[in-house]
Amino acid sequence: LSALTSLGKRLRPLLAAPHDGVTRGMSDANVPAAVFASATMFCTLMTRCQYEHYDGKLHRMNPQALIIGEPGTGKGVIDWLNRQIMSVLRAKDAMGRQALKEYKKKRKERTTSTKEQKKEVLVEPDSMIRYLMTNTSNNQFYKRLVNAKEEVDGELWWLHVYMFDSELASANKANSGADWIGKRDLELKAFHNEDAGSDYANDDSVNDFVPVHWCSVTTGTRIALSKKFTLANINDGLCTRQAIVPMDNNRYKMISRGDAVVNHEQELSLKEWGYWFDRLHGTMPIEKLIDHVYNLCEASAMEAKMAADDVLDTLRRRAVFYATWFTVPRIVARLRHQEDGTPVDLQQIKVTADDLQFATIIYDAIIYWQDYFYGQMLQDSWDNAGRSFLPRVRKSAASTLFEQLNKEFAVKDVEKVLNVSKRAAESHIYRWKSSGYIEKVKRGQYKKLLESIE
């Protein structure tokens, strides 16, 4: 809790729009969770935006946030944030979902009505639906990815789909059934928008490749987290691809009293922010921020090398992405001057010293909490793997007795040490000589070239 409160106090003075509205009325300990979750939502809505990373390539923002708290500790506030900020996606999906319902209704009627069967062939609508539910089947998920396309600045872009789950345990439970099987692979590929796809014989299958653009926010308990990440899968890379942070456990405390007027104003403000971020598009000139996170990562590499800390060296590599992504909303939000729908010129972006300080805190927080939850498990898995592939220590009786021979020896010495007949001793000497272990000095006399043999 002290680390969580300390992190919240570091962030508090830097909270500008839109995060100041997100965290209004929250304790310092819960500020990080609200920032992580809301930043993921804002980045999802900025799906039509990109930036140049220090690898020289154009990148999209692909965050996935995990908020961990014990039962009854106030994780519902993340659900509340989701309902406000992401309401724009649900509103846009409404028409597409209604068209899909009508299609299914008519298809059902075709099975029972001769009159309906004589009508034109039904075609499943390819409406864009981007707000997905946890129990979305894999095939339906691929369809949503395929249909989430839009022309952006003269080019066809794949837009991000989004998923929110207030119970990590639900996803874990679904993982044992057909609905969720394979989605861990999709979670992995979403971080860098890698291709996924299916190739099945059934007519309903999406037989194609599609880049995975998927962001998510999930809340859950430590018990559920322990089932999602185990020693068996901790090294697949997912733990470093997701931003994780705990919430205050609120032991022996009452929740704060609410104010309906204040809550309504805050809800309206968050919804307006969601709609504003959703209309942004273009390339963001954030070179100053990119240079800063590069320096942070380089410093961590040096620190990890000095301490021989393999865990830090692993975690730093992807922490730079979250330091960038979670800082972008506050930078871009300063361009919100008018509400008349005028296009926002992202080229007017200015990165300030406060933005860089905010990015530093996020970078530190990402590494700290990933290390807190996964660090020891990662180290144990590497240690176990190292022990698993150690060569077996093998030493035969003959090799042990070979070491007892003098540097120079005769056939009789071998007979005595090995307790064998002259013929058997000569057989051993022949094999040792053929293997290059010994050399002949003179008739009946030999010299060891090695002190020991396998």
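This is a predicted model: local features need pLDDT of at least 70, side-chain atom pairs count only at pLDDT 80 or more; totals for chains, interfaces and linings use all residues.
Residues are numbered from 1 along each chain as its sequence is written, and side-chain values use heavy atoms, leaving out hydrogens and water.

Colleague: In what order do the five strands of the open sheet lie?
Modeller: Strands here are DSSP runs of E, at least two residues, numbered from the N terminus. Two strands pair if DSSP finds at least two bridges between them. The pairing is parallel, and the order is 4-7-10-3-11.

Colleague: Which are the edge strands?
Modeller: An edge strand here pairs on one side only. That holds for strand 4 (131-132) and strand 11 (243-246).

Colleague: Which residue in strand 7 stands opposite Leu 132?
Modeller: Two bridges join strand 4 to strand 7 (residues 161-165), and the two run parallel. Opposite Leu 132 stands Met 163.

Colleague: How many disulfides does the structure hold, and why is Cys 49 in none?
Modeller: A disulfide is a pair of cysteine sulfur atoms within 2.5 Å. The sulfur of Cys 49 is too far for a bond, because the closest cysteine sulfur, in Cys 43, is 9.5 Å away. Cys 215 is in no disulfide either; its nearest cysteine sulfur, also that of Cys 43, is 7.4 Å away. The number of disulfides is zero.

Colleague: Is Cys 215 buried or exposed?
Modeller: Buried means under 20% relative accessible area, exposed over 50%, partly exposed in between (1.4 Å probe, protein chains only). Cys 215 has 0% relative accessibility, so Cys 215 is buried.

Methods
Helices (H or I, at least four residues) and strands (E, at least two) are DSSP runs, numbered from the N terminus.
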